[in-house]
Every structure is written in structure tokens, then in C-alpha cells.
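Me: I would like a close look at one part of this model, and then a plain account of how the rest is arranged around it. Please take it step by step.

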Amino acid sequence: MPVLERIKAEVEGHPIVLFMKGTPQFPMCGFSSRTVQALKAAGVGELHSVNVLEEPEIRANLPRYSNWPTFPQLFIHGELIGGCDITMELYESGELARMIAEVQKA
């Protein structure tokens, strides 16, 4: 499967997807760690993640797919939410918890 199709399948196949460095249990950068912390604090039960350090083709092509240059990248219901800074802003405003609650209702 071509890499852009793999990325699309990941994004569309899970309600919440985090492309990150490392795993939720062992993040490999501070930005990925903060994003996971915000998601957990906002009520994420199950987080599907892709470790871009173990997937060099995805790491190289995800910015082309999403038009977003950095990692982590959070997708909810197939839409790019953004990286660490945006996720933190959404968490602090309470919006992330609202988005997560909608996902968990569906």
C-alpha cells in the first residue's frame, strides 16, 4: 500500500490518531509527551498512535499529507487538529475535553 494511502487509512480508521515520536507509554520528545498528557487529562480512553520514529516513510510523507510540518500531529474524526501548542490551547480552554467527549459518544 502506498504510504499516503496508509496514512489516510490510519486517520480515517480511528476516531483519534496521534502521530508522535515514541509511544503514549514512552514518548521520545517533550512535545509528544505534553500532547499525550493533555489528551489523557481531557479524557481520552483509547489513543491510537503511530510512532513516526519507527515508520520513516510515514515520518517523511505525513507533512505532505497534512500540510503540517512538525510532530506530533493530532487527528480527530479524520481532521488535523494540529500539534502540541494547539492541543495545549484546546486543552486549557476546555475545547479538547468537549471534542473527546463527542468522540466517545459516537
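With which side chain does the side chain of E102 meet in a salt bridge, and at how many Å, N to O?

Reply: The side chain of E102 meets that of R98 in a salt bridge, at 2.1 Å from N to O. This is a predicted model, so the value is computed from predicted positions. Both residues belong to helix α5, where they are four residues apart, about one turn of the helix. An α-helix has 3.6 residues a turn, so residues three or four places apart point the same way. Side chains of opposite charge can pair when their charged atoms come close.

Strands of a sheet pair through backbone hydrogen bonds, either parallel or antiparallel. Strand β1 (residues 16–20) and β2 run parallel and are joined by four bridges. In one of the residue pairings, F19 has V50 in β2 as its bridge partner.

The buried residues of α1 are V3, I7 and V11. They cover an arc of only 75 degrees around the axis, which means that they are on the same side of α1. These buried residues pack against β1, α3 and β3.

In one of them, the side chains of R6 and E55 meet at 2.8 Å, N to O. That pair links distant parts of the chain, with R6 in helix α1 and E55 in the loop between β2 and α3 (56–66), 49 residues apart. R6 is partly exposed, with a relative accessible area of 25%, and E55 is partly exposed too, at 26%. The side chain of R6 also meets that of E57 in a salt bridge, at 3.9 Å from N to O. Here R6 in helix α1 is linked to E57 in helix α3, 51 residues apart. Salt bridges that share partners join R6, E55 and E57 into one network.

Last, the whole chain. The secondary structure comes to five helices and four strands, and from the N terminus on the elements run α-β-α-β-α-β-β-α-α. The radius of gyration is 13 Å, close to the 13 Å that the globule rule gives for 106 residues, so the chain is as compact as a globular protein of that length. Its C-alpha atoms fill a box of roughly 35 × 30 × 25 Å along the principal axes. Of the 106 residues, 41% count as buried. Among contacts between residues at least 6 apart in sequence, 62% join residues at least 24 apart.

Note on methods. Residues are numbered from 1 along each chain as its sequence is written. This is a predicted model: local features need pLDDT of at least 70, side-chain atom pairs count only at pLDDT 80 or more; totals for chains, interfaces and linings use all residues. Side-chain values use heavy atoms; hydrogens and water are left out. Two strands pair if DSSP finds at least two bridges between them. Helices (H or I, at least four residues) and strands (E, at least two) are DSSP runs, numbered from the N terminus. A salt bridge is a side-chain nitrogen of Lys or Arg within 4 Å of a carboxyl oxygen of Asp or Glu. Buried means under 20% relative accessible area, exposed over 50%, partly exposed in between (1.4 Å probe, protein chains only). The arc is that of the directions from the helix axis to the C-beta atoms. Contact means heavy atoms within 4.5 Å. The radius of gyration is taken over C-alpha atoms; the globule rule is 2.2 Å times the number of residues to the power 0.38.
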